[in-house]
Structure formats: structure tokens, C-alpha cells
Amino acid sequence: MTQDLRDFMDAGSGDPDLAQTALCLEAESAVLLGDAEAAIRLTPSIDWPLDGTPGARLALAGAHGRRIAGATGEAQRLFRQVWDHHSGPVRLRAGFCMADLDMCQGRFGDALSITQQILADAPDDDLVLRGDVVRLQHLGYRFGFDLDASARSLEAAAELYARAGAIIGQADIKTNRAELLAWTDPSRALDAAADAIDAQTELGAHHEIGKAFTALAIAQLRLGQHVPAAVSFQAAVEALERAHYRSGRARAELFRAFLHARTGDTAGAVASARWAIAELVAAEVYPTLLMVAGHLLDVLGAADEHTATVTDRARAQISPPNLLRHLDEQAHALVTAMLEDG
């Protein structure tokens, strides 16, 4: 479709709206494939009006590219810009993206509030947006260690995607199901992850392939399958680096630290955990994972003043604050579970 538009414009059309539409489709395709570099290259600066749909969607695609690349603060600024200055249907999608980053940065109450507002305002027949929002609630519950609520939201999102016939949404459900099962039922996660890898490979979504391989590696690690887990972690890392997916790469490295610890490579575990901490801090995401990393370094006897500062800052990001004690306890319990067979 993009090429058809470009051919039409090359034949003599100078329509600026069509040019922006072609650019929008190209940038959105890059995001779907997890190609953050291409999405950013296509939107080096976002300085056009956001009242029209193509312009608002192009801004969202540029923001997504920055989010995948780890420029979280810039991405959130752009999402909010669309939310504040666009009055059409793209506004709800921008709100969804804002809620996603609120969740990633530990503002669980804000994320849930925005998702509830979007569900109240979204058209009843926009099943894909509704599925995306409910799937985001699943992720929020998962990162908040409420795995029962996470599972319920995941299946509700799956039903919405199925009704919509949403191919990408249904593939992402497969990834998320594998990720959840890696914690709740690692034996079942093996087949679920293989299914997700097949689905995402067919779509060519490198960031989702990397996430699915990470889930497979965690499940294998929890089952004591250390050699297969090492292979899966390496496959995850390669896919996530192809996608330039900074936070996903950091997550994979954090959990690979547990593999090093369980196979007696304490130095490797410490190095992986510290590298993951640096990347998560740089990307400004996942304070609960920073808490996990801090507890792991404590267990390894490798915590230091820098680690304490980082984890204290991560704890301060949790909102609402009354969640902190529960989340800290769950982060510690996760470390214990990861160092034992599931």
C-alpha cells in the first residue's frame, strides 16, 4: 500500500496529505516489526499539526519507536502531546500508550485509571482497542505481581481479539500467555512459548520474538533445564538487539543473571544484573524489576551503595505508595523462586 502511494506521488501528485499518509504507513509498519531505528529515522522531529488523523498516527508511530529504543521520557511527552492536541479517534490510542508507560514506570494507579477512562469512552465496536486496553491491564497486574488478576484480564483480552479477528493482537496474546505461564506453570509455558515464537516469526515481529524466547528461557530455567535455557536466552538477546528493544533486552539479561547464578557463575550473574540495572535506569522503566535486581545482588553478596541508591529510587516510583510493601515482598519471593527449580 505504501509503495502504491509512493508510485502515485512519483507520477506527479504533490498532495502533502498523501505524502504524510505514506510516511505514516511506513512508520507504523516499522513499529509492528519492532524496527525502532526505522520508526525514529522516519520521524526525526515531530513538528506538524496533530489535528488530522495521519499526522496524529505518524506522531504515535514516532513515539513508539522512541519507546522501543528506550527514550521513555520523550515517548511519553509525544503520547501526551497527541492526547492533548488531537480530538479524533487517535486520542484514545494515545491515552492507551500513556497508560502503558505509566504502568512501565510503576504508576499502577494512574495506568488503571486511564485504561478505565478509555474503556468508558471507546466505541463498543472497537474491539481491537478494547482488547489492547484489557491486555495492558493484564500487564499491569503482572508487573504488580497479581497473577490471578493478570490471567483473568489476559483471557478477557483474548476473547476481544478473537471477536475482532485481530491477527496481531492474537499473536501478542500468545506471547503474553507464555510470559505469564513461565511464572505460574513453567511446564505448560514450554509449548505456549513455542506457539508464540511461531506466530511472531510468521509476522516478523522481532521484539515479540525476543519476548517469547525470554519466556521460554525463564520456564526452562525454572524447570532446571539449564543448557536449553542458555540457548533460549541467546536467541532472545539476538532478536531483541535486532529490534533495538532496550527494555526487553534488559529484562532478558536480568533473568539470564539467574541462570549464571544457578550454574555457579557468580561473577557472570553479578555482571548481568548490574548491566540490566544500568539499562533499566537509562530507559526509565520497570522499578519492580529494579527491585528484583537489587534483591538478587543482595543474595549474591554483591550489593553496594549504587545498588542501594537505585533500588531506593525505584521504590519511590511506586504509586500508589501503599502497594510498595507487597511489591517488595513479591520481588524478594521471585528471586527465591528463580534460584530454585519450579
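Residues are numbered from 1 along each chain as its sequence is written, and side-chain values use heavy atoms, with hydrogens and water left out. Because the model is predicted, local features need pLDDT of at least 70 and side-chain atom pairs count only at pLDDT 80 or more, whereas totals for chains, interfaces and linings use all residues.

Helices are DSSP runs of H or I with at least four residues, numbered from the N terminus. Helix α14 covers residues 246–262. At 1.5 Å a residue, its 17 residues should span 24 Å, and the end C-alpha atoms are 25 Å apart, which agrees; the expected span is 1.5 Å times one less than the number of residues. Of the 17 residues of α14, 15 are buried, that is, under 20% relative accessible area with a 1.4 Å probe and protein chains only (exposed is over 50%, partly exposed in between). Arg256 of this helix counts as buried at 14% relative accessibility. Leaving aside residues up to four places away in sequence, Arg256 touches Phe233, Gln234, Val237 and Arg249, contact meaning heavy atoms within 4.5 Å. Gly264, which follows α14, has a positive phi near 85°.

A nonpolar core is a set of buried Ala, Val, Leu, Ile, Met, Phe, Trp, Tyr and Cys residues joined through side-chain atoms within 4.5 Å. The largest such core has 89 residues, of which Phe79, Val82, Met103, Phe255, Phe258 and Val292 touch the most other members. Helix α6 (residues 90–104) gives the most to this core, with ten residues. A second, separate core of ten residues includes Leu154, Leu160, Ala166 and Leu180. Beyond four places in sequence, Phe255 touches Trp183, Ile218, Leu221, Phe233, Leu289, Leu334 and Met338.

Rings of Phe, Tyr and Trp (its six-membered ring) pair if their centres lie within 6.5 Å; planes under 30 degrees apart count as stacked, over 60 as edge-to-face and the rest as tilted. The rings of Phe143 and Tyr286 are stacked, because their centres are 4.6 Å apart and their planes at 15°. This pair links distant parts of the chain, 143 residues apart: Phe143 lies in helix α8 (residues 127–143) and Tyr286 in the loop between α15 (266–283) and α16 (287–299). Both Phe143 and Tyr286 are buried. Trp183, Phe255 and Phe258 are linked into a cluster by ring pairs.

Note on methods:
Helix = DSSP H or I, 4+ residues; strand = E, 2+ residues; numbered from the N terminus.
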